[in-house]
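Keep the viewer open and follow along.

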Amino acid sequence: MKVSLHPEAWADLRSIHQYIARKNKRRADSFIGELHEKIAGLGHMAESYPVISGFETAGFRRRTHGNYRIFYRILDDDNVEVTHVMQMSRDHQSLLASWERS
């Protein structure tokens, strides 16, 4: 499957990089690289992760890396879209709920 990032996911990655880079630019670069590897891996294993309970309508799934969650949905047989990448302590319920309504 082809994996694409929604503009909000790109913004999330930039924000994560900026936050980590304040203390350690090298680690920010390597961590974003790790996240990109996990994201790319969804192309081969997107269906391995279950749909998140409560978000079945939009089909949201998540994969984790460290303290971060990668939220995505399978659009069709050939396409996966990453919608958000966020730290686990952030409230993802209201964010994903806004996608359910749209």
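What you see is a predicted model, in which local features need pLDDT of at least 70 and side-chain atom pairs count only at pLDDT 80 or more, while totals for chains, interfaces and linings use all residues. Residues are numbered from 1 along each chain as its sequence is written, and side-chain values use heavy atoms, with hydrogens and water left out.

Is Ile70 buried or exposed? Ile70 counts as buried because its relative accessibility is 0%; buried means under 20% relative accessible area, exposed over 50% and partly exposed in between, with a 1.4 Å probe and protein chains only. Not counting residues up to four places away in sequence, Ile70 touches Leu35, Lys38, Ile39, Leu42, Arg61, Arg62, Arg63, Val82, His84 and Val85, where contact means heavy atoms within 4.5 Å.

Several of these names come back when we turn to the largest nonpolar core. In general, nonpolar side chains in soluble globular proteins tend to be buried together. Here the largest core has 18 residues, and those with the most contacts inside it are Leu13, Ile16, Leu35, Ile39, Ile70, Val82 and Val85. By definition, such a core is a set of buried Ala, Val, Leu, Ile, Met, Phe, Trp, Tyr and Cys residues joined through side-chain atoms within 4.5 Å. At least two of its residues come from each of α1 (7-21), α2 (25-45), β3 (68-76) and β4 (79-87), and α2 gives the largest share, six residues. Ile39 is in contact with Val3, Leu5, Leu13, Ile70, Val82 and Val85, leaving aside its neighbours within four places in sequence. Another core, of seven residues, lies apart from this one and includes Ala58, Phe60, Phe71 and Leu96.

Two more residues are worth a click. Leu42 belongs to helix α2 and is buried, with a relative accessible area of 0%. Beyond four places in sequence, Leu42 touches Val3, Tyr49, Arg63, Ile70, Tyr72, Val80 and Val82. Ala9, in helix α1, is also buried, at 0% relative accessibility. Ala9 and Thr83 are 74 residues apart in sequence, yet their C-alpha atoms are 5.1 Å apart in space. Setting aside neighbours within four places in sequence, Ala9 is in contact with Val82, Thr83 and His84.

Now for the aromatic rings. The structure holds two aromatic pairs; rings of Phe, Tyr and Trp (its six-membered ring) pair if their centres lie within 6.5 Å, and planes under 30 degrees apart count as stacked, over 60 as edge-to-face and the rest as tilted. Why is the pair of Phe31 and Tyr68 tilted? The ring centres of Phe31 and Tyr68 are 5.2 Å apart and their planes are at 55°, so the pair falls in the tilted class. Phe31 lies in helix α2 and Tyr68 in strand β3, so this pair ties together parts that are 37 residues apart in sequence. Both Phe31 and Tyr68 are buried. The other pair, Phe55 and Phe60, is edge-to-face, with 6.5 Å from centre to centre and 85° between the planes. Phe55 and Phe60 are buried too.

Our last stop is the largest pocket, which holds about 180 Å³ of space. On a 1 Å grid over the protein atoms alone, a pocket is an open set of points where a 1.4 Å probe fits, with protein on both sides within 12 Å along at least five of seven lines, and lining residues have an atom within 4 Å of a point. The volume is the space filled by probe spheres set on the points. Among the lining residues are Asp12, Tyr19, Arg22, Tyr68 and Arg90. The largest share of the lining, five residues, comes from α1.

Definitions and conventions. Helices (H or I, at least four residues) and strands (E, at least two) are DSSP runs, numbered from the N terminus.
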